[in-house]
Amino acid sequence: MAEEERKLSIDPATNEMIAKARVDGASIAFDRAEKMKPCPIGQEGSCCRMCSMGPCRVPAARNRDETPEEKARRTGVCGATAETIVARNFTRMIAAGSAAHSDHARKVVEAFLLTAEGKAPGFIIKDEQKLLALALDFGVEIGNRTNEAIAIDIGKLAMQEFGQQNGELRLTRRAPLKRRELWRKLEVAPRGIDREVVESMHRTHMGVDQDYRSLLAQSMRTALADGWGGSMIATELQDIMFGTPAPVFSQINLGVLKADEVNVIIHGHEPALAEMLAVAAQDPELIDYAKSKGAKGINLAGMCCTANEILMRHGLPIAGNFLQQELAIVTGALEALVVDVQCIMQGIQDVAECYHTKIITTDPRAHITGAMHIDFDEHHAPETAGKILRAAIDNFPNRGKNVRIPDVKTDLIAGFSHETINYLQGGLFRASYRPLNENIINGRIRGVAGVVGCNNARVTHDDVHVRLVRELIKNDVLVLQTGCSAMACAKAGLMLPEAAAEAGPGLRSVCEALGIPPVLHMGSCVDNARILIAATAMVKDGGLGDDLSDLPVAGAAPEWMSEKALSIGQYFVGSGVYTVFGVNWPTTGSREVTDYLFKEYEAVYGGMWGFESDPIRMAKLMIDHIDKKRKLLGLDKARERVLFDMEMRRSMEAV
Ligand code: NFS
Ligand code: SF4
C-alpha cells in the first residue's frame, strides 16, 4: 500500500516511537495525516468564508486559456475574484503569524518592565552591554543612570511600538538606508505593530480591500512589523534579561530523556517560564524531593522553540522538534509536558491519556481541555516553577512498565547569535563581519542561506531540511538556521565542526580555520530577527552592495506549516531576500497572485517568493540566485579562481 510505503521520518528515534504508538493504540499526527486528506480548494487558498453568504469556493482555472467571460464567472457570491480571495487568505495568515510573534514580544516587554521595576523576582538584567546598545538605538539617555532606570525607558518605548498609530517602528532604523527608503516609497514601512495586524483584519473583511496588490502591500507592512518589530523586540529583550547566546555544547533527540530521573519537557515559545524551570530544576530541595519519590534527579529538556531558547542560553538538551511532541509522551517516561503558547498540538492531551504524562498548560491565553493548568505569573515566577516541578515529581511513581526511551541522541553546538558571529571572526577588540565578507568576496563562501521553519506531517519528517542543507553546504553555502529546521539538522549531526567535512572545499577551509560548523544554530523563530541583523551587518561592512537585496543570500522554509512561517517569509522577501518554501503553496488558486509574488515582486522588493518541494531542486534555485547576485556584484570570477586554488592546494597536499 502507498500509505505503508511513505517514509514518515528520517529520524530513527521518531520511527521507533511511531511504531510504539501504533502498538500502544495512541493516536499521533503522523497517522492522522494519512486519514485527514487536505481539502484541495482550501489548500490553494480558493475558499472564502469571510461572510455567511459563503463559504464560496473559487478554485483555480484548470485550463490556461480561460476566456475573460469564464474567468468572470469564477467569483464568490459578492463578486470577489479568485485573486481577491487568495490574497485575502494569504494576508490573514500573515496577520496571524505576525500577531503570534508580536504577542509573544508583548509578554516579554511586560516581563522586562517588571524586572526593571524590581517586581519580577528571579529575573534580572543580565546583559548590560546589550542593554546599552539598545538604549542607543532607542535614543534613551545613558549618562550615570542605573541599568534599571534605562531599562524602564526602553521598556516603555518598546511597549509603544505596539500601540503606535503613525510614523515608523523604531527598529526599522537598523535596516540599510536604501531599504528604508524603498519601504517609504512603497508605503509599507510599518507604523505600529497592533495597527498593522488590525488593519489587515479590517481590509480582509467582506467588502473592503478588493485589489490583490493593495492587500499584499498591507500584508507586507504587517510582516515587516513582525520581523523588524515584534520578533526583533522579543529577541533583544530576551537577550538582555536572559543573556545573549554564546557557543554552547548540548545534545538532541528523544534519547536525552532519562530512565531513572523525573523527565520534564518544556514545550512552546516564551522563554520566561523555561528560564525559571531551568533554575528550579537545580534546587537541592526539589532534587531531594524527587529522590524521596524514587528518582535520581530532575531531567529538564526542551521542545520546539522554547527548546532553542534554553539550549542557546543554558545548554539544556532538546528532546525534539515539532512532530516529536506526541512521541515524547509515547516513550512512557515523561512525567510532565509543560506548555505555554504556539505549535502545541491538542493531540498531546489525548496521547497523554494513554500514558501517565501530565500536560500542564501555563499561559492564560492557551488552555487545553482536560489538561492541568498552573498559571505562570512573572510576579511569582520561582514559586510557580517550583509548583510545576513538584507536580511532575509527584507523577513519577505513576510511571508504568511500558517505557522505551530510544537510544538516539546527537551532539551539537549552538549559540551563534549575531554578536557571537561578530566576535568569532575577530575577537573582542576587532569584532567585525570583515572576514565573512572577505570570504564571500574571495569566493570561498559562495553565499549565505537562512534555512528555517517547521516540520509538516505532509512530508517526510526532517528529510527536506536535511537534504536541502547538505546540498547547500556541499556547494559552499554557509547555512544559518533557527526553529525546528535547526533541530532537524542538529539531529543529523550537521551542527558539529566535524560536519565541515561534508562542505565544499571553500566553506570547509573557512569552517576549519574558525573551528565552526558549516551550519550555524541562531535560535528560535523570533530569532530570525538575528538573521536580519547579521545580513544588515554584512551590508554595512561593505563590499557586497548597499542593500540587503544585493547580498548573495537566500532563504527557505522547506517543511513549513505555521502561519508564523509565512509572516517570516514575507518579511524576508520584503527585506530583499529570495525565499523558497516547500510542502505546498497557499496562493496557487490564482495564477496572477502567485506570479506577482514569485516574479513581479523581484522588481518591487528585490526579493521574491519561490516554491519547490524537492530539496535538491530547491537548493539549485537558491544557489542560482546566489550566483546571480555574485555576478551582479562582479564576484563571479573570484569564485572560479578560488576553486582552482583549492584544487591546487589539494594536489600539493597529496604530494
Ligand atoms: Ni517556528 Fe517555533 Fe517549530 Fe514552526 Fe513551531 S516551533 S516558532 S512555527 S513548528 S519552526
Ligand atoms: Fe463569498 Fe464574498 Fe462572502 Fe467571501 S465575502 S464568502 S466570496 S460572498
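Which geometry, tetrahedral, square planar or irregular, describes the site of the nickel atom of ligand 1, given its four donor atoms? The views below, taken from a predicted model, begin with this site.

**View 1. The nickel atom of ligand 1 and its protein donor.** The site is irregular, with angles of 90 to 162° among the four donor atoms of the nickel atom. Cys 525 is the only protein donor, and its SG atom lies at 2.1 Å from the nickel atom. Cys 525 belongs to the loop that links strand S13 (519–521) to helix H23 (528–541).

**View 2. The shell around ligand 2.** Ligand 2 is surrounded by 13 residues, of which Cys 48, Cys 51, Cys 56, Cys 78 and Met 206 are the closest. By class, the shell comprises 10 nonpolar residues, two polar residues and one charged residue. Ligand 2 lies between domain 1 (3–56) and domain 2 (82–242), because both domains give residues to its shell.

View 3. Val 464 is part of helix H20 (residues 463–474). Its relative accessibility is 5%, so Val 464 counts as buried, the cut-off being under 20%. Beyond its neighbours within four places in sequence, Val 464 is in contact with Val 459, Pro 558, Glu 559, Ser 613 and Pro 615.

Terms used. Residues are numbered from 1 along each chain as its sequence is written. Chains are lettered from A and ligands numbered from 1 in the order in which they are written. This is a predicted model: local features need pLDDT of at least 70, side-chain atom pairs count only at pLDDT 80 or more; totals for chains, interfaces and linings use all residues. Side-chain values use heavy atoms; hydrogens and water are left out. A residue is near a molecule or strand if one of its heavy atoms lies within 4 Å of it. Ala, Val, Leu, Ile, Met, Phe, Trp, Tyr, Cys and Pro count as nonpolar, Asp, Glu, Lys and Arg as charged, and the others, Gly among them, as polar. Domain bounds come from an automatic or database domain assignment. Donors are N, O and S atoms within 2.8 Å of the metal (3.2 Å for Na, K and Ca); water is not among the atoms, so sites may look incomplete. Four donors count as tetrahedral if all angles lie between 85 and 135 degrees; four count as square planar and six as octahedral if opposite donors are over 155 degrees apart and all others between 65 and 115; anything else is irregular. Helices (H or I, at least four residues) and strands (E, at least two) are DSSP runs, numbered from the N terminus. Buried means under 20% relative accessible area, exposed over 50%, partly exposed in between (1.4 Å probe, protein chains only). Contact means heavy atoms within 4.5 Å.
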